[in-house]
Structures are given as C-alpha cells and as structure tokens.
Amino acid sequence: MAGRVVVVFDFDKTILDCDSDNWVVDELGVNHLFTQLLPTLPWNSLMDRMMMELHSRGKTMEDIALCLKQAPFHPRIISAIKLAHSAGCDLKIVSDANVIFIETILKHHGLLDCFSEIITNPSLVDNEGSLRILPYHDFKSCSHKCNICPPNMCKGVVMEKIMMKSCESTKRFIYVGDGSADFCGGLKLVEGDILMARNKFPVWDLICSNPLSIKAHIHAWNDGEELGIGLLNLINTIFIQDNCSCEGPPADCKSQTTSLSHDSSFSNALPIIPH
Ligand SMILES: [Mg+2]
Ligand SMILES: [Zn+2]
C-alpha cells in the first residue's frame, strides 16, 4: 500500500536549507563574478561557467565536495526522508541543481539510497578536472515552451513523464517545493494528490495569484521542522484513508484509526508517526 505513495521533492530550499548553487558560489568566493554575469546567461549555463572559473582559480572537486557537505540540512528532514522510505513510499527528486551536487550532499547525510530517481541537470568532471554542468533539456535544439520554468528544465514536463510512467491511477502523489518551477510541477497533480508549498516563497505567490489552477490539496510549510512533521502526517493520513477504503465503506474513518494501528498491514506506517 505504501508503494502507492510517491513523494516528489524539489531539492534547493526544500530538502536542503539553502540553494546549493548559491552556497558553492558564495563559499568558494565567485559571488561577485556570478552576480556580474547573471543578467547575461541562463542560470544553468552560468553555473557551468562558474565551475570552470573555480577550476581556473585552483579549486578542486574535493574543495567543491567539502563545501557541499557543509550546506545546511535540517535534521527533521533527514529523519522524515528515512522514515518515509522505510515505510515504503517511493521518493524522487526533481531539481534544477545538478546530479553531482545532489548526490554528494545526499550521500554525506546517508540519504542517497532513499531515492528511486533523481531527475536533474547532468554534470561531469571533464578531462581538465573541471566540473561541468549541462542542461536537462537541450533547449538550443528544442524549447519546452513553458513560460514559468527556466529553459533548461520544465518541472511540469518532468512530472508528466513521472506520472505517465507510474501508469497506476491509484497512486497518490505528494509534491514538495518552494520555487516557481514547482508551481509548474504542481499543476500536473490531480484531485487526491497533495502539493506541499513553501509559504512566502515563489510557489506560494503563484498559487495565490492563480487560486483555481491547482487541483491537488495544498499544504503550506514554513521551514524544515514543519516540512518534516507535515510530510509524515500527510503520509500517515493517506495510509489511514487507504485502509478505510480497502475495508469497505466505514461509517467513520477516524473511529477505525485505533484498531488499524494493530493491523499488520498498517504496521509499516506506524514508525513514521513523528514524536
Ligand atoms: Mg527550490
Ligand atoms: Zn514548466
């Protein structure tokens, strides 16, 4: 039953308590050049340019990895991810960062194996030893035509692919994010799904200015503490609802909750209730 819950996370300012690109640029001292070039290049191309700049200034992959490992990560999110995974939820990341940044950080916190898929911009170390960051969509040959998302990645297109692949209409999706592109991803959700949107961030502003556009239930969160607790509560609620609907039409779902906690089919869900 738990496998029916798919949680799709944004990475920067959602799983991670900062933006990994900004973190590396600031910590390794290329912020001035980054700000200077920002009006002239798409973000993804600029990050690639910054990685070459760091290489030319003698910064190694080890320096970048060390910096990434120090990026702030809320402990409540670490435990929520581990519990959701151990309860059998299918966890995925859809992010405009890049694969090396994300994997380095997740591995450092012991979370890499919790995710079935990380969909993000490809990155590699070239022959010179410089990190290179490529776009997820090859926007020079073909545009995704979305005016919410940056040219290199439309999260709506990615979500459509994920939902099509899941090919099981009974799956319940929880999408968690803070940015404008997460609003685009959230537009693909259907009734019964949940959009966990970060309060006072671009995703929230877009929801407020387009109040009828999201079909999913909307759940606001402010920080890592609220995200970790809220996510586990929502997953528990889905488990309880599913149990109610599997066992015929109960007169009152809530009245069954106590007895379900002793049901072996529900035992997987129990450890995820936060204390
Ligand atoms: Mg984000
Ligand atoms: Zn989009």
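Student: Which residues of helix α7 are buried?
Tutor: In this predicted model, the buried residues of α7, which spans residues 99-108, are Ile100, Phe101, Ile102, Ile105 and Leu106.

Student: How many bridges join β1 to β6?
Tutor: There are five bridges between β1 and β6, the latter being residues 172-177, and the two strands run parallel. One pair can be named: Val8 has Tyr175 in β6 as its bridge partner.

Student: Next, α8. What does it reach from its first C-alpha to its last?
Tutor: Helix α8 comprises the 12 residues 155-166 and reaches 16 Å, close to the 16 Å expected at 1.5 Å a residue.

Student: Which residues are buried there?
Tutor: Lys155, Gly156, Val158, Met159 and Ile162 are buried in α8. They cover an arc of only 155° around the axis, so they lie on the same side of α8.

Student: What do the buried residues of α8 pack against?
Tutor: They pack against the strands β1 (5-9), β2 (90-98) and β3 (115-121), and also against helix α9 (180-186).

Student: And which exposed residues does the face turned away carry?
Tutor: The face of α8 turned away from the buried side carries Met164 and Lys165, which are exposed.

Student: Changing topic: where does UniProt place the "active site" feature?
Tutor: The UniProt record, an unreviewed entry, places this feature at Asp10 and Asp12.

Student: Where is Asp10 in the fold, then?
Tutor: Asp10 lies in the loop between β1 and α1, the latter covering residues 11-15.

Student: Is Asp10 buried or exposed?
Tutor: Asp10 is buried, because 25 other C-beta atoms lie within 10 Å, and the cut-off for burial is 20 or more.

Student: What does Asp10 touch?
Tutor: Leaving aside residues up to four places away in sequence, Asp10 touches Val94, Ser95, Val176, Gly177, Asp178, Gly179 and Asp182.

Student: What about Asp12: where is its place?
Tutor: Asp12 is in helix α1. Asp12 is buried, with 22 other C-beta atoms within 10 Å.

Student: Which residues does Asp12 touch?
Tutor: Not counting residues up to four places away in sequence, Asp12 touches Asp19, Ser20, Ser95 and Ala97. Ser95 is also among the residues that Asp10 touches.

Student: Now the whole chain: how many helices and strands are there?
Tutor: The protein chain has 12 helices and eight strands. Of its 275 residues, 39% count as buried.

Student: And what share of the contacts comes from residues 24 or more positions apart?
Tutor: Such residues account for 65% of the contacts in the protein chain with a separation of 6 or more.

Notes:
Residues are numbered from 1 along each chain as its sequence is written. Chains are lettered from A and ligands numbered from 1 in the order in which they are written. This is a predicted model: local features need pLDDT of at least 70, side-chain atom pairs count only at pLDDT 80 or more; totals for chains, interfaces and linings use all residues. Helices (H or I, at least four residues) and strands (E, at least two) are DSSP runs, numbered from the N terminus. A residue is buried if 20 or more other C-beta atoms lie within 10 Å of its own, exposed if 12 or fewer, and partly exposed in between; C-beta atoms are placed from the backbone. Two residues are in contact if their C-beta atoms, placed from the backbone, lie within 7 Å. The expected span of a helix is 1.5 Å times one less than its number of residues. The arc is that of the directions from the helix axis to the C-beta atoms. Two strands pair if DSSP finds at least two bridges between them. UniProt positions are given in the numbering used here, feature names are shortened, and annotations may be inferred rather than shown by experiment.
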